Amino acid sequence: MHRPAPIIVLLLFTVLAACAPSQSPSARPSGSSPPAGSPAMTATGSPIARRELPSGFPVIAGAVALSLPNDDLGLIARWTSDVVGAPVYDFYLRGLPAAGYPIEGLYPGDGFAVIRFSGRGDEVWQLIMQTADLVTTQIEVRLDRP
């Protein structure tokens, strides 16, 4: 069976990422955790608390936090990094268990990778890493989803 070349897959993800709406990043000190999101509103107007990224959660050095949309309550945190490729994946592969987040599943890829891990309580969370262009990785933490 023919497999697409890694560069084709990377280019596909780059094109898809370029089509997605972008958010303006805010500067954060190197190595600090991204901010927790603000409460969102339900259709009835009552606030729903967004889960917060726990203090001490591993964040790759130099990460820049991005704002969280109000319409995606499963999104816990997101940021960008100028580190691209395997070093990002390897950082979280080591950092999550070391910080007390056991890994439940690994889904590596060239331009897109997912690590499923145990979050708070019995919840499973996902750490999603996507190469946004050839010099930036978008990283997000969210509740597990199919």
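**View 1. Serine 81 in strand 4.** Serine 81 belongs to strand 4, which covers residues 75-81, where strands are DSSP runs of E with at least two residues and helices are runs of H or I with at least four residues, numbered from the N terminus. The structure is a predicted model, in which local features need pLDDT of at least 70 and side-chain atom pairs count only at pLDDT 80 or more, while totals for chains, interfaces and linings use all residues. Residues are numbered from 1 along each chain as its sequence is written, and side-chain values use heavy atoms, with hydrogens and water left out. Serine 81 has a relative accessible area of 2% and is buried, a term that means under 20% relative accessible area, with exposed meaning over 50% and partly exposed lying in between (1.4 Å probe, protein chains only). A polar atom of the serine 81 side chain lies 3.0 Å from the backbone nitrogen of valine 83. When neighbours within four places in sequence are set aside, serine 81 is in contact with Ile60, Val135, Thr136, Thr137 and Ile139, contact being heavy atoms within 4.5 Å.

View 2. An open sheet is formed by 6 strands in the order 3-4-8-7-6-5, with antiparallel pairing; two strands pair if DSSP finds at least two bridges between them. Strand 3 (64-65) and strand 5 (103-107) each have a single partner strand and stand at the edges, so one side of each is left without a neighbour in the sheet. Strand 3 is joined to strand 4 by 2 bridges, the two running antiparallel, and alanine 65 stands opposite tryptophan 79 in strand 4.

**View 3. Strand 8 and its partners.** Strand 4 runs antiparallel to strand 8 and is joined to it by 6 bridges, with threonine 80 standing opposite glutamine 138 in strand 8. Strand 7 is likewise antiparallel to strand 8, through 8 bridges, and these two strands form a hairpin with 2 residues between them. Aspartate 133 stands opposite threonine 136 in strand 8.

**View 4. Glutamine 130 in strand 7.** Glutamine 130 is found in strand 7, residues 124-133, and counts as buried at 18% relative accessibility. Although glutamine 130 and threonine 80 are 50 residues apart in sequence, their C-alpha atoms are 9.5 Å apart in space.

**View 5. Helix 2 and the second largest pocket.** Helix 2 (residues 86-98) lies across strand 4, strand 5, strand 6 (112-118), strand 7 and strand 8 (136-143), and runs at about 0° to strand 6; axes are lines fitted to C-alpha atoms, for helices over the stretch in contact, and angles run from 0 to 180 degrees between N-to-C directions. The lining of the second largest pocket consists of 14 residues, of which Gly85, Tyr89, Gly109, Asp110 and Ala113 lie nearest its centre. A pocket is an open set of points on a 1 Å grid over the protein atoms alone, where a 1.4 Å probe fits and protein lies on both sides within 12 Å along at least five of seven lines, and lining residues have an atom within 4 Å of a point. Helix 2, strand 6 and strand 7 each contribute at least two residues to the lining of this pocket.

Technical notes:
Polar contact = N/O pair within 3.5 Å; in protein donor to acceptor, adjacent residues only side chain to side chain.
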